[in-house]
Amino acid sequence: MGDMAVTVDHVSKMFRLYHDRNQSLKATLMRGRRARYEEFQALDDVSLEVPAGTTFGLIGENGSGKSTLLKCMARILRPESGSITVNGKISALLELGAGFHPELSGKENIYLNGAILGLGAKDIDRKYDDIVEFAGLEQFIDTPVKNYSSGMYVRLGFSVAINVDPDVLLVDEVLAVGDEQFQRRCNEKFAELRAQDKTIVVVSHGLGLMRTICDELAWLEHGRLRMIGPAGDVVDQYLAEVQTDRQTDADTDGRGARWGSGEARIDDIELLDANGRETNRLHTGETVTIRVRYQADEPIERPVFGLAIFNVEGVLVTGPNTREAGLVPDVIHGAGVVDLTVDKMLLLPGTYDISASLYDYAVVHPFDFRQRAVRFDVDAGMPHETFGGVMSLDGRWSTQPDGGPVLRPDRSGVGLADAGPDKGSGPTDDE
Amino acid sequence: MNPLADLSQSRDLLVNLTLRELRGKYKRSVLGWSWSLLNPLATMIIFSVVFGRLLKIQPTASPSGLVNYPAFLLCGLLPWNFLSNTMNGSMVALLGNAGLIKKVYFPRQILVFATVLALDWSFVIEIGLLLVFLLILGNMVLPWILGAVIAMLLLTVFATGVGLILSVLNVYFRDLQYLVGIALQLWFYATPIIYPIRLVNDSSMPDWAKTVYALNPMVGFVQVFRSMLYDLEFPDWGLVAYITVWSVGIAVVGMAVFRKFEPRLAEEL
């Protein structure tokens, strides 16, 4: 610790936007000069340091310069001014299988791709079996890769890139590839690299993921460094701003996020902590009540109240409703509340939205639907998991050697989930 | 990064990229490798019929006593083919690997080196077969093998320099390849490949035109190859010095040009 894996020092990068993309000698000679262009400042005096052994994220909107910065780190793009120093061997997962030759077999391509990524023939000999096994392509390794499915292609590419065994790994949104099983293995591999104190620099739009896997985040805006700090703080700040933007958007576009016939309305959605106080910040494992306040101007027979919780990426986490739970009032008229009490809220750290709805019994006719009306944050609590994901299963671990005593965790799970009991302390502990 | 580690990494990469060129080229064709030999063979037959038989170009009666138009032709044609293939190949060395350049960092000039090296492989096989052919014709070329290897090395350095320049310029000016196509035709006839240089020297051209003609470095290369393999004579020292200066000079210029344009390659592709 203390060493910097990547030092970005006052880096600026310009792109040329050509007015006409006609790159010809003829046109140049006739014009007397090369095509006219405007300069676009993709990175503007960015300085930051990535401490060795950490997972560092770059967030920002499209065009904010985060991918450009990553490519500058990878030496693919050369900044106009400033310098980038990388300590150790670097590998970039920007595109999987770049440089594969379609006519060559998987095996020949492993050696080729490995060499492109900086591995010597001997290194590849040593890692060859791992690479093939990780890609799961033992049967097809002598087939030309042009006959591979796109999934196989990507798997082989990932497998080679990850086995380069870099000190610094650069990752750009490439993780959303392959089938679910392969994604899981990729995530495991990343957890393993993090556990080995490798430095990882990630670019992603998935804020939930970034919050869970990154130690620190840098937020880029229009090529400038807007904020840098602990992942949770930066995501909160970023979301606060984007959320403000979203609300103004909603106002201007007529609030498409609410619909229904209006005989009965959902006036308010509240989150109450264990003491009944309203809050929008919870911890994993706490007791929480989601309270819906309604107002029925007309009698509504057998109404169905529904809730839905989404993470910031818009993935539905759960969507309980009163009808399925067996709670169907004969009629509601006037004001009232509906509570959903969760004794142990198992959402993992991240940011979530709640939608609430009020339907007829057939769940066909909406009286009121409020799409993603309330946002709340979940901070780390118990169970403590840092691997990522949306929910904890809150399971209990135990192990038993044949004929021996049953062992259970001596501490109730505090620390890194992947640190194991013998490691003693997680990275969050005092040093 | 450690420059030595960089170098050994580059060597592995060069070997792999060269193998990719070689393996990829004729992999899925029935005749496979023989294609690379059929091409110069066909050219040789056509030129021998047209120029040797129909136009009756008389090759110089060599001091070795050999008079054979196909053998005379090949001594110039094979070096020429190597150069022109290098020029055409290096123009697509970067463009054809745009995806790679935009996604992975490695020393970009290796792509050009790999193109040249893959062509060197065919060049070596072709010259080897030519040596066998000359031996069958009774030309004792064995003492000249080392000389031929040195000349091939010099031509490789020369072609690499030209290739480095063309490869980057073609990224910035995509119509360069058409221009080069025309230039290659002119250059071919301005080099004594299908005719002996005696025809130029004995012609009624003014002296200044003959001087300009002799400035062409390929005149020097073809003369050097021919005097060693066909005439079995030591080439003129002046010519050897001349092509050496050209080779080193073009290589230095090529590196400089490449280095100037390299940083923006990933954006321009």
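This is a predicted model: local features need pLDDT of at least 70, side-chain atom pairs count only at pLDDT 80 or more; totals for chains, interfaces and linings use all residues.
Student: Which strands pair with strand 6 of chain A, and in what sense?

Tutor: Strand 5 (residues 90-93) pairs with strand 6 of chain A in the parallel sense over 4 bridges. Strand 7 (residues 199-203) of chain A also runs parallel to strand 6, with 5 bridges joining them.

Student: Why is strand 6 of chain A called largely enclosed?

Tutor: A residue is buried if 20 or more other C-beta atoms lie within 10 Å of its own. In strand 6 (residues 168-172) of chain A, 5 of the 5 residues are buried, so the strand is largely enclosed by the rest of the structure.

Student: Which way do the residues of strand 6 of chain A point?

Tutor: Val168(A), Leu170(A) and Asp172(A) point one way, Leu169(A) and Val171(A) the other, and all are buried. In a regular strand, side chains alternate between the two faces of the sheet.

Student: What makes helix 3 of chain A mostly covered?

Tutor: Of the 11 residues in helix 3 (residues 106-116) of chain A, 10 are buried. Among them are Glu108(A), Asn109(A), Ile110(A), Tyr111(A) and Leu112(A). After helix 3 of chain A comes Gly118(A), whose phi is positive, near 105°. For chain A as a whole, buried residues make up 35% of the 431 residues.

Student: How do you know that domain 1 and domain 2 of chain A touch?

Tutor: Chain A is divided into domain 1 (1-88 + 196-255) and domain 2 (258-379). Their C-alpha centres lie 38 Å apart, but contact is judged residue by residue, with C-beta atoms within 7 Å. On that basis, 9 residues of domain 1 are in contact with 10 residues of domain 2. Helix 7 (207-213) and helix 8 (231-252) of chain A each supply at least two residues of the domain 1 side. Helix 7 of chain A gives the most, with 4 residues. By class, the domain 1 side has 2 nonpolar, 4 polar and 3 charged residues.

Student: What makes up the side of chain B that touches chain A?

Tutor: The contact joins 26 residues of chain B to 28 residues of chain A. Helix 1 (3-25), helix 4 (98-103), helix 7 (176-189) and helix 12 (265-268) of chain B each supply at least two residues of the chain B side. Helix 1 of chain B gives the most, with 8 residues. The chain B side divides into 11 nonpolar, 5 polar and 10 charged residues.

Key:
Residues are numbered from 1 along each chain as its sequence is written. Chains are lettered from A and ligands numbered from 1 in the order in which they are written. Domain bounds come from an automatic or database domain assignment. Two residues are in contact if their C-beta atoms, placed from the backbone, lie within 7 Å. Ala, Val, Leu, Ile, Met, Phe, Trp, Tyr, Cys and Pro count as nonpolar, Asp, Glu, Lys and Arg as charged, and the others, Gly among them, as polar. A residue is buried if 20 or more other C-beta atoms lie within 10 Å of its own, exposed if 12 or fewer, and partly exposed in between; C-beta atoms are placed from the backbone. Two strands pair if DSSP finds at least two bridges between them.
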